[in-house]
Amino acid sequence: MTTSLLRSARRCALALLAPLVLSMPAAAAKPVSNGLALTPPMGWSSWNNFGDSIDEKLIVETIDAMVANGMRDAGYQYVNLDDGWQRYKGNRRDRPLEFDPVRFPRGIKYLADYAHAKGMKFGIYSGPGQTTCAGYTGSEGHEAEDAKLFASWGVDHLKYDSCCSHKEAPVPVLKTIFGTMSRALMAQRRGIVLHACHCGWGQPWEWAADMGINHWRIGQDISDDFDYPGNREKYYFDVLDTLDRGIGLEKHSGPGHWNDYDMLIVGLNGRSKELVGAGASNVEYRTHFSMWAMVGSPLLAGADLRSLDADTLATFTNKEIIALNQDPLGKPAEKVRDDGVLQVYAKELADGSYAVALLNRGSATADMTLSLRRDLALTWKKYRVRDLWRHQDIGTYDIPFTTEVISHEARVLRLYPVAE
Ligand code: GAL
């Protein structure tokens, strides 16, 4: 077991000792919405690379890097502190929720103001348990007070994480704990996006949207792997596992309420201080980024953005791929063909065009053919094909389109109808 896994296992074990909250007021029965996240949230979160080793300097430098390297202008809005900003470890009944004054000497409001001054938004992390997953004080029983505190700091996004504290909780309890925080945030009248993080347990896609929750994880934590045999340490999902986990859940995701495939591993290169995993190739990271964009997942970068190489930055800032994710129609891609390791995903876009990903999960280069009639049920006689990684129009076709796709690549194409 890696040190980081041991840490996570210990955290979860401790948190599971916390009693379930059964006495909270019942969640509202009428669907509610905060009107936010009409396209999937985009930004950065501290967890995947840094774990709880975070401080003011890192966050300021990350904001500056996102402005300087073009990520902010490519659409990455949120800068999210994940677990580890809090002052105390231990139960909330014994300790208050405060920021760590040593690591955050000017406080959290200073950072939120800094993000806002740069035209960005700011996010924070808590959880409904007595402790969070990393063992810091949680928000249980203090939702109204904490929502008020977050709003007073200028927070725009809350990741509310219960996968350690309420792992076995039945759905009514989950609805109560997330509904309580959702209502507390809405009462602030500030517009705070809410992420309900519960590792996909309790099928949040079936009930979370009606409670004003803007995204929910569909599975356990991602590892820094494209295709690891089985689940690493019987817990982590690699890129392909996570993608498969979303099959059949697409109908639950759309403007304001998104299936969350977890934060991106692009650029971690096996060097994360927190996540297990050996890293992936540039092609694999591009495929991961493309598929998260196609399925409408939030795009939250997890790498150290202060030191990106050119390939990684080009992946993060591919505006043609980002446009698929941020398309106003908000329709997640579906798998429309599955020939074993060769798969086709398609997504309808607001302007009537289609995005298609030809995904080769196999270990050898393969020719893949896209038939509009068979795969997309489209009757267009002629269509134009644009390659969104090569940034080139490839041509106009009136027959099926065949192309070579290398191992672990997703060729991402945008198809436009051509008038006769
Ligand atoms: C996990 C969560 C991670 C991270 C971590 C913080 O439960 O899935 O994304 O937030 O907690 O302790």
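In this predicted model, Asp387 has a relative accessible area of 2% and is therefore buried, and its side chain meets that of Arg390 in a salt bridge with an N to O distance of 3.6 Å. Arg390, by contrast, has a relative accessibility of 48%, so it counts as partly exposed, given that exposed residues must lie over 50%.

This pair belongs to a set of 28 salt bridges in the structure. Another of them joins the side chains of Glu56 and Arg106, at 2.7 Å from N to O; because Glu56 sits in helix 3 (residues 56-68) and Arg106 in the loop between strand 2 (78-80) and helix 5 (107-117), the contact ties together parts that are 50 residues apart in sequence. Glu56 itself counts as buried, since its relative accessibility is 7%. Salt bridges also form a network that links Lys57, Glu61, Asp304 and Arg306.

For Asp83 and for Asp161, the corresponding distance from a polar side-chain atom to a ligand oxygen is 2.9 Å. The ligand is surrounded by 13 residues, the closest being Asp82, Asp83, Lys159, Asp161 and Asp221, and this shell comprises 7 nonpolar and 6 charged residues, with no polar ones.

Technical notes: Residues numbered from 1 in each chain as written. Predicted model: local features only at pLDDT ≥ 70, side-chain atom pairs only at ≥ 80, totals over all residues. Heavy atoms only, no water. Near = heavy atom within 4 Å. Polar contact = N/O pair within 3.5 Å; in protein donor to acceptor, adjacent residues only side chain to side chain. Nonpolar A, V, L, I, M, F, W, Y, C, P; charged D, E, K, R; others polar. Salt bridge = Lys/Arg side-chain N within 4 Å of Asp/Glu carboxyl O. Helix = DSSP H or I, 4+ residues; strand = E, 2+ residues; numbered from the N terminus. Buried < 20%, exposed > 50% of the residue type's maximum accessible area, 1.4 Å probe, protein only.
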